[in-house]
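Here is a quick walk through one protein model, spot by spot. Have the viewer open and follow along.

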Amino acid sequence: SWGYQDHNGPEVWHELFPLANGDRQSPIAIKSSEVKYDPFLRPLSFSYDLTSPKVILNCGYAFSIECDDTEDRSVLRAGPLKGSYRLRQLHFHWGPTDDYGSEHTVDGLEFAAELHVVHWNSEKYPCFVDAAQQPDGLAIVGVLVKAGEHNSPLQKVINVLDVIKTKGSQVAFTNFDPSSLFPESLDYWTYHGSLTVPPLLESVIWIVLRQPITASSEQLATFRSLLCSAKGEPACCLLSNCRPPQPLRNRHVRAFFH
Ligand SMILES: NS(=O)(=O)c1ccc(-n2ccn(-c3ccc(F)cc3F)c2=O)cc1
Ligand SMILES: [Zn+2]
């Protein structure tokens, strides 16, 4: 199946997932000189319940913190959005070294990693799977991560990675506030795009925060120690799980800030 190696990586995903060549694919290369300030954009508003996160799992292409989305307890509103979007999961993308690993780039700058906080439009759609098929179904907040200072809220997540080393393993993970990973400024860019891994569905309103957070090199190295192989299979480290920027085609990136 698909992955991030030469034989099954982003360059060949189109063979199984034709959407890979679609006209609103993500990530993109953000060029600040080409973004347009939009005075109608509002500040982001979120309210997360500490007990929404339930488990952390190694899904083979990343690790993700899965949240209970059976009711509107943790939601994202305003910003570029109409209505309220319910928190579903959060996960990271990273690269083989600290020099690259983010999915979105800014003025050609690649960051060491990128956090994605995934929400679905619970006002218009009955569940995540339905929302994931709609053009306004998902809202994903992207946070760029640069190598630098130790990140203590992130350490809570890193401390459990050794327990979910192999693909398919999971462990309970709760009492965690995803917004503890956000930077101080909630300035953002926004554009219409897609999931960045198969099925690459073009159902995402992307909200990329301008201010990066930091993580230490040691913390970033822990991401790379996860295995994309299951228990009992020959060990294969998940060294990188970032998709390169995709054609902007007929899209505009809007900025909430001047
Ligand atoms: N990297 S990202 O754009 O944030 C991203 C990429 C892929 C996913 N993803 C992969 C499979 N799914 C998924 C899970 C359950 C389901 F019913 C349908 C899905 F698309 C999903 O949401 C979710 C988020
Ligand atoms: Zn992602």
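## A loop residue with positive phi

Arg249 sits in the loop that runs between helix 4 (217–224) and strand 15 (254–255). Keep in mind that this is a predicted model. The phi angle of Arg249 is near 50°, which is a positive value in a residue other than glycine. As for solvent, Arg249 has 48% relative accessibility and counts as partly exposed, because the partly exposed class ends where exposed begins, over 50%.

Ala78 also has a positive phi without being a glycine, here near 60°. Ala78 belongs to strand 6 (residues 75–78). Is Ala78 buried or exposed? Its relative accessible area is 13%, so Ala78 is buried.

## The zinc site

Now for the metal. Which atoms hold the zinc ion (ligand 2)? His91 and His93 each coordinate through NE2, while His116 uses ND1, with distances of 1.9 to 2.0 Å. Along the chain, the donors of this zinc ion (ligand 2) follow the spacing H-x1-H-x22-H. His93 in strand 7 and His116 in strand 9 (residues 113–121) are 23 residues apart, so this pair links distant parts of the chain.

The geometry of the zinc ion (ligand 2) comes out tetrahedral, with angles of 101 to 115° among its four donor atoms. For reference, the ideal angle for four tetrahedral donors is 109.5 degrees.

## Arg86 and its partners

Strand 7 (residues 84–94) also contains Arg86. Arg86 is a buried arginine, with a relative accessible area of 11%. What does the side chain of Arg86 meet in the way of polar groups? One partner is the side chain of Asp72, at a polar contact of 2.5 Å. Another is the backbone oxygen of Glu71, which lies 3.4 Å from a polar atom of the Arg86 side chain.

Leaving out residues up to four places away in sequence, the contacts of Arg86 include Asp69, Thr70, Glu71, Asp72, Ser74 and Val75. On the list as well are Val118, His119, Trp120 and Ser122.

## Strands 4, 5 and 7

Strand 5 (residues 63–67) pairs with two other strands discussed here. With strand 4 (residues 53–58), strand 5 runs antiparallel, joined by five bridges. With strand 7, strand 5 pairs in the antiparallel sense over three bridges. Glu66 shows both pairings: Val55 stands opposite Glu66 in strand 5, and Glu66 stands opposite Gln89 in strand 7.

How many residues of strand 5 are buried? Four of its five are, and the strand is mostly covered. Strand 4 and strand 5 form a hairpin with four residues between the strands, where Gly60 takes a positive phi near 95°.

## Ser169 in its loop

Ser169 is placed in the loop between helix 3 (152–158) and strand 11 (170–172). At 16% relative accessibility, Ser169 counts as buried. A polar atom of the Ser169 side chain lies 3.4 Å from the backbone oxygen of Ile164.

Apart from residues up to four places away in sequence, Ser169 touches Ile56, Leu57, Asn58, Val163 and Ile164.

Two cis peptide bonds are worth a look. The bond from Ser26 to Pro27 is cis, with omega near 0°, and Pro27 is in the loop between helix 1 and strand 1 (29–30). The bond from Pro198 to Pro199 is cis too, with omega near 10°. Pro199 lies in the loop between strand 12 (188–193) and strand 13 (204–209).

His14 is part of helix 1 (residues 13–16) and counts as partly exposed at 34% relative accessibility. Setting aside residues up to four places away in sequence, His14 touches Ala20 and Asn21.

Note on methods
Residues are numbered from 1 along each chain as its sequence is written. Chains are lettered from A and ligands numbered from 1 in the order in which they are written. This is a predicted model: local features need pLDDT of at least 70, side-chain atom pairs count only at pLDDT 80 or more; totals for chains, interfaces and linings use all residues. Side-chain values use heavy atoms; hydrogens and water are left out. Buried means under 20% relative accessible area, exposed over 50%, partly exposed in between (1.4 Å probe, protein chains only). A polar contact is a pair of N or O atoms within 3.5 Å; within protein, one must be able to donate a hydrogen and the other to accept it, and residues adjacent in sequence count only if both atoms are side-chain atoms. Contact means heavy atoms within 4.5 Å. Donors are N, O and S atoms within 2.8 Å of the metal (3.2 Å for Na, K and Ca); water is not among the atoms, so sites may look incomplete. Four donors count as tetrahedral if all angles lie between 85 and 135 degrees; four count as square planar and six as octahedral if opposite donors are over 155 degrees apart and all others between 65 and 115; anything else is irregular. Two strands pair if DSSP finds at least two bridges between them.
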